Amino acid sequence: MLLATINSSIVLISLPGIFTGIRLDPLEPANVSYLLWMLMGYMLVTAVLVVALGRLGDMMGRVRIYNAGFLIFTLTSVILSLDPFHGGGGALWLIGWRIVQAVGGSMLMANSAAILTDAFPARQRGMALGVNMVAGIAGSFLGLVLGGVLVTWNWRSIFWVNVPIGLIGTVWAYKSLHETGIRRPGRMDWWGNITFALGLTALLAGITYGIQPYGGHTMGWTNPWVLAGLIGGAAMLAVFCVVESRVAEPMFPLRLFRNAAFAGGNAATLLGAIARGGLQFMLIIWLQGIWLPLHGYDFEDTPLWAGVFMLPLTVGFLLAGPVSGYLSDRFGARIFSTAGLIVVAASFFGLLTLPVDFDYGLFAALLLLNGLGQGMFSSPNTSSIMGSVPARYRGVASGMRSTFQNSGTALSIGVFFSLMVSGLAATLPKTLGSGLQAHGVPAATAHQVASLPPVSTLFATFLGNNPIGHLLGSGGTLDRLTAAQRATLTGHRFFPELVSGPFHHGLTIVFSVAAGMALVSAVASALRGGHERADDGAATGTGRGAPEESRAARPS
């Protein structure tokens, strides 16, 4: 889990170095789609495949599928680092092999929680899954620091870091992991898999392209292809639900949702992922594009320092995750999961009160609070979901939980970016145009720069890039200005101060929605019912599971 999630966020923070390394201009409107697919491709594939691979683990053996995932993940890390192309070809190489790597990551994510649930009895399961969840969430934040350090040396090294861990992990997994759960032979639900994959892919692809400009609009929500993806995807998912209610062995057993703990836990997972999934992106934009340059950091160094300054978020999760998992084994998951989401909402309200150029001590305290809330929620919630289903469904239940989490994160990116772009579109063009003219830029050039789609400015900020020197330098405009004007326009403060007002307007919208979603998620968590466990035979030897396997797994 640590490896899979480090890989996701290490690319996120390293995108400036990757774009420079493959010689791709981040401000070219046509290149926005490459950036989006580098971010979203991995998430989309894992969201689509984890349920099918969890079901395959139930049928063929969870350890077998898990081990194959480790091997695929390691091999693709090597291939990614060998990208021989530049420009669009180099980007397509990375996107394509990241999608293959996501297949391996899906195998790991779909079966890790199920393997742990098989191995640990109910009284220890929360702690075990808590450690697993801590590894997963910690990896997503440690990847930010690792990426920031490695990309300053060589952008290919962000893929090399997976190789030694992957090799050791693959050998260890094949030698040490053994099947302790119930293998349930059955047939693959092909129609369910096809309709689910088509529906979710179309929906998430529609959201991905909806962020991009279209036909003179700042975003692409009026694009016929985007509308077709959103409407067609939703319709195909409705067909999927009909298929699953009729087949004998569904990939997504809808009857599991009759269990209040399972239904409430997954609803809280989805809503919580939407609330906090885009948080990383907003914080990175805030730090890399505005706060760090205002405090004298070079734009080239901001990826590393953004990862360092976000460490309180990781610390909070590391502190709360195992403790809340242990306590939930004794007192139940509902109180800790619900309280954690309320704490997350409170941290969002706190972030709303901060100015753009904030005091770091208060910012760090709010990040720590957010991490504590996420840690309080994640491990008890996972334990509740996994403990509420019969042993034979643990692989598919683990996949369903991962699907809700990954889909929520992908939806969150689409929603947060859309809200931010709409906030920027209202004020940024006028602010940018007048600011450039005030420093000697001709009105026609200033208007041309200000007319760029806000999404280009947003992604430039996200990549820690100062777009002013790039945009004005290409046409020779900078050469016609005085030395003082050139120094001001390309310095650390001009662009961050210029966009800080429009950015704060968008940030207010984003954090308000995130706080609201966290509170709705808390309500879903509270409504899950009391402490409820399904047949624990496979883990404790007391239920209707296979007795030989149960005795082998029982603690001495």
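Predicted model: local features only at pLDDT ≥ 70, side-chain atom pairs only at ≥ 80, totals over all residues.

Me: What makes Asn 132 count as buried?

Reply: Its relative accessibility is 12%, and buried means under 20%, so Asn 132 gets that label. Asn 132 sits in helix α5, which covers residues 122-151.

Me: Which residues does Asn 132 touch, leaving aside its neighbours within four places in sequence?

Reply: Met 1, Ser 112 and Leu 116 are in contact with Asn 132.

Me: How many salt bridges does the structure hold?

Reply: Two.

Me: Why is the pairing of Asp 118 and Arg 62 called a salt bridge?

Reply: The cut-off is 4 Å between a side-chain nitrogen of Lys or Arg and a carboxyl oxygen of Asp or Glu. Asp 118 and Arg 62 come in at 2.4 Å, N to O, so they pass. Asp 118 belongs to helix α4 (residues 87-119) and Arg 62 to helix α3 (residues 62-81), so their pairing ties together parts 56 residues apart in sequence.

Me: Are Asp 118 and Arg 62 buried or exposed?

Reply: Buried: Asp 118 has 2% relative accessibility, and Arg 62 has a relative accessible area of 2%. The limit is under 20%, so both labels hold.

Me: How do you know that Arg 493 and Glu 497 form a salt bridge?

Reply: Their closest N and O atoms are 2.9 Å apart, and the rule asks for within 4 Å, so the pair qualifies.

Me: And what makes Arg 493 and Glu 497 partly exposed?

Reply: Arg 493 is at 41% and Glu 497 at 42%. Buried is under 20% and exposed is over 50%, so these two land in between.

Methods:
Residues numbered from 1 in each chain as written. Heavy atoms only, no water. Helix = DSSP H or I, 4+ residues; strand = E, 2+ residues; numbered from the N terminus. Buried < 20%, exposed > 50% of the residue type's maximum accessible area, 1.4 Å probe, protein only. Contact = heavy atoms within 4.5 Å.
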